[in-house]
Structure formats: structure tokens, C-alpha cells
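Trainee: Could you walk me through reading contacts, burial and ring pairs in a model? I would like the general idea, then the case at hand.

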Amino acid sequence: MTPVEAERPRALLAGASRRWVRLLPWAVAFVLCVALLPTTIVVLTADYGLNGGLASALAVAQAAPLLLAVVRPLQAWYVVFAADVAGALTLLTVDFQERLLWPFPPMEIVGYVGLCLALGLRERRRTLLLVWLATAGANVGLGFVAPHGTGAKDLLLTILGGVALLLGGVLRERYEVQRRLVEQETISEAERGRRTLLEERARIARELHDVVAHHMSVITVQADTAEYRLATLPPDVREEFTSIAATARESLGEMRRLLGVLRNEEAHGELVPQPGLAQIGQLVEATARTGGWVEFTPCDAEVPEAVGLSAYRIVQEALANVVRHAPGAATHVSLSVARPADGQGDGRDERQGDGQGGERLTVLVVNDPPPEPPAGPLEVGGTGHGLVGMRERVRLVGGTLDAGPLPDGGFRVAAQLPLTEEELT
């Protein structure tokens with residue numbers, strides 16, 4: 001909502017869900033205005049004997065503002081109240097029958113009661129009380145100059161106006177109470193959903209801790225103690241066990257950060273420094289220790305943190321897939337920064353870039369076919385979410401990804417990640 005729309009007054013019952021209810025105030029105001037305008041002129045001229053021009057002016061001032069009352073009832077009341085008092089004083093200049101109502105003829109009472117109902121639906125209690133006191137004061141004050149004496153019927157405007165103000169105020173407060181109840185129910189529903197989410201996150205954290213973290217701890221302990229339990233291990237095997245233990249400890253560290261995020265409502269765990277381009281070399285070394293040949297072309301460019309983390313996760317997942325599905329295959333990993341036309345991605349990536357002018361980080365992971373077809377999957381029950389996760393990470397930073405098998409049996413993952421702030425979406 002714009003500031004102009006926020007300051008613009010709303011019509012009475014504008015928040016109602018049904019259209020006919022929203023149109024009801026306009027219809028009532030229109031009917032009152034159309035009915036009271038000619039009636040006031042006729043009554044003031046024919047029954048009270050007032051001049052036609054003066055009667056017409058009073059009729060317009062007393063009836064026309066009822067249309068304004070739908071949007072600005074208090075401003076309309078100022079005009080109508082002044083016109084009614086002026087009309088009462090004007091009637092003192094003519095000689096009318098004692099049976100006729102004064103100071104406020106019947107048609108003025110009808111319009112004023114409708115206006116008081118609109119005031120009750122919009123204004124606060126203090127304003128309504130002041131309006132009623134002004135009405136009662138004017139009614140009583142005019143009684144001192146009554147041409148034919150005073151009676152109970154002369155206070156009809158004060159009584160009926162007070163009833164209309166009270167009725168409108170009660171309806172408005174009842175609506176406010178219902179609206180607040182609905183808001184409270186909405187807040188309660190959101191709190192229940194939030195609590196359910198926190199409970200689910202806690203459950204996932206417990207399962208991760210009980211299952212994955214436990215097994216990783218066992219692997220770390222076994223790898224660390226292997227050289228003491230097995231005294232005849234060759235040096236290269238001891239180095240391999242040391243590498244396994246280091247990788248397992250690193251995985252445990254990331255697992256603990258993930259558990260902190262899941263368990264902490266404010267997700268303070270996300271404040272821990274995340275891996276980036278500088279840590280990709282460690283991934284390459286770990287993959288090379290599994291027996292495969294890996295060529296790595298690093299890039300020391302300064303990139304946004306989100307881009308560096310996305311590049312790290314893409315390389316991590318791509319190398320993990322190589323170990324799972326093509327063990328021992330030669331792999332090429334390269335990072336480079338270039339404009340889209342100069343990037344190392346294929347033509348499809350460049351077309352998807354759609355001519356973006358900013359620099360981009362190109363992440364390329366290509367593996368050859370494995371030396372020997374794997375006897376069976378190294379990982380049972382894989383989720384198949386690796387490529388989906390890579391595409392999601394690339395999409396979040398506004399980049400492009402192309403992944404698929406090569407004609408010779410290898411596999412290729414190519415991502416282009418924008419480095420300019422305008423393109424990071």
C-alpha cells in the first residue's frame with residue numbers, strides 16, 4: 001500500500017467480506033439524500049411558511065452532506081449540525097403552527113439520526129460523547145427561545161441521536177473484537193506451525209546425531225587407532241588411515257554445525273564461516289587419495305560468499321558422484337572468472353546467460369569413464385538429490401548449470417555463477 005492509499009479514508013463497512021454489505025452505506029446515504037432533499041424544501045415552505053430560496057439552501061446543507069458521511073462522517077456532522085441549528089434559528093423569523101416540531105423538523109431528525117449511526121460506526125467513544133453533548137447542548141439552548149414553549153418532544157433529536165450513536169458504537173466495537181479474535185487465531189495458527197517446524201527440526205537433529213554422527217565418530221576412532229592396533233601397517237597405508245580420520249573429523253564438524261542450525265531457533269550456527277573457493281583444493285586432494293587422478297585448476301579471485309559456498313558444494317557433490325559411480329576415473333576440476341562470452345561453459349550456458357554483461361565464475365568438473373566398470377554401487381540407497389541440489393544452489397544465485405553424460409562414457413558438470421551484485425538474485 002502506498003502512502004497516499006494509506007492516508008485515503010475508507011468508506012464505512014469497506015472491510016466487509018460481502019459486496020452488498022460494502023455497498024449498503026452508499027445506498028442508504030443516497031436514498032436519504034434523494035428523499036430528504038425535496039421533502040425538506042416542501043415541508044419548510046408549505047408547512048412552516050419559509051421562503052423557497054432559503055428553504056432550498058437549508059435542505060441542501062442538511063441532506064447533501066449525508067453522502068460525505070459514508071467516507072468522512074465527522075466532517076459531514078460539522079456541516080449538518082451547523083445547518084440544523086441555523087435552520088432552527090431561521091424558523092424563528094416565520095409564524096408557524098404550534099403543532100409543528102421545533103427546533104428540528106421531522107426530516108432533519110431522520111437525516112441526523114442516520115448521520116449519528118455513521119459516526120458511531122467510525123469514531124471513538126470520546127468523539128461520540130462530545131457529539132452527543134453538543135447535540136444536547138444545542139437542543140437545550142434553543143429551548144430557551146422556543147416560540148411556543150418547550151416539551152418532551154422538543155428533545156427528540158437528542159434522544160434518538162444518542163441511541164443511534166450508542167448503537168453504532170456497539171456495532172463498531174463488536175466488529176473490532178471479532179477482528180482481533182480472527183487476528184489472534186491467525187497468530188496462534190502461525191505459532192502452532194512454527195512450533196511444529198521446530199519439533200520436526202529437533203527430531204531430524206536427533207536422528208542425525210544418533211545415526212550419522214555416531215557412525216562417523218566410529219570411523220574416526222578406528223582410523224585414528226589403526227596404526228596402534230595394527231603395528232605392521234606400511235607407511236602409505238598409515239597415511240591413508242590418517243587421511244580417512246581427517247576427512248571424518250571434518251565431516252563431523254560440518255555435521256555439528258548442521259545440528260546447531262537445526263536445534264537453534266535463531267540459527268546461530270549459520271554464523272560459522274562457510275567453505276569457499278580456498279577449500280576446494282582440499283576436496284580435490286581427498287578425492288585423489290581414493291585412487292583417482294585429479295587435475296585441478298584453481299582460481300584465487302575474490303567472489304561473494306554465497307557464490308564461493310555454491311561453487312564449493314557443486315564441486316563437492318560432483319567429486320562425490322565420481323567416487324560413487326566412476327571410481328578411479330581421471331577427473332578435471334577447473335575454476336575461472338570470465339565474461340559469459342569467454343567462459344568455459346558450453347553454448348547452452350552462454351545462451352542461458354542471455355547476454356548478461358557481468359563477470360561470472362565458471363565451475364567445471366569433468367570425469368573420464370572409469371578404468372573398470374564398478375562391480376556394484378559404492379553407496380546403497382542413494383537419494384538421487386545431488387543434481388537437484390546443485391541446480392537449486394545455482395538457481396538461488398542466478399546462475400546456470402549444465403550437467404550430463406559425455407559421448408565417451410564420462411560425465412560433465414558445468415556451472416556459471418554471476419559475480420555482480422545486480423545479478424545475484
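Trainee: Which residues does Gln 62 touch, not counting those up to four places away in sequence?

Mentor: Contact means heavy atoms within 4.5 Å. By that rule, Gln 62 touches Thr 40, Val 80, Ala 83, Asp 84, Gly 87 and Glu 108, leaving out residues up to four places away in sequence. This is a predicted model, where local features need pLDDT of at least 70 and side-chain atom pairs count only at pLDDT 80 or more, while totals for chains, interfaces and linings use all residues. Residues are numbered from 1 along each chain as its sequence is written, and side-chain values use heavy atoms, with hydrogens and water left out.

Trainee: Is Gln 62 buried or exposed?

Mentor: Buried means under 20% relative accessible area, exposed over 50%, and partly exposed in between (1.4 Å probe, protein chains only). Gln 62 has a relative accessible area of 7%, so it is buried. Its place is in helix α3 (residues 52-63); helices are DSSP runs of H or I with at least four residues, strands are runs of E with at least two, and both are numbered from the N terminus.

Trainee: How many aromatic pairs are there in the whole structure?

Mentor: A pair of aromatic rings is described by the distance of the centres and the angle of the planes. Rings of Phe, Tyr and Trp (its six-membered ring) pair if their centres lie within 6.5 Å; planes under 30 degrees apart count as stacked, over 60 as edge-to-face and the rest as tilted. The search finds 3 pairs. Trp 77 and Phe 81 have ring centres 4.9 Å apart and planes at 20 degrees, so they are stacked. Both lie in helix α5 (residues 73-91).
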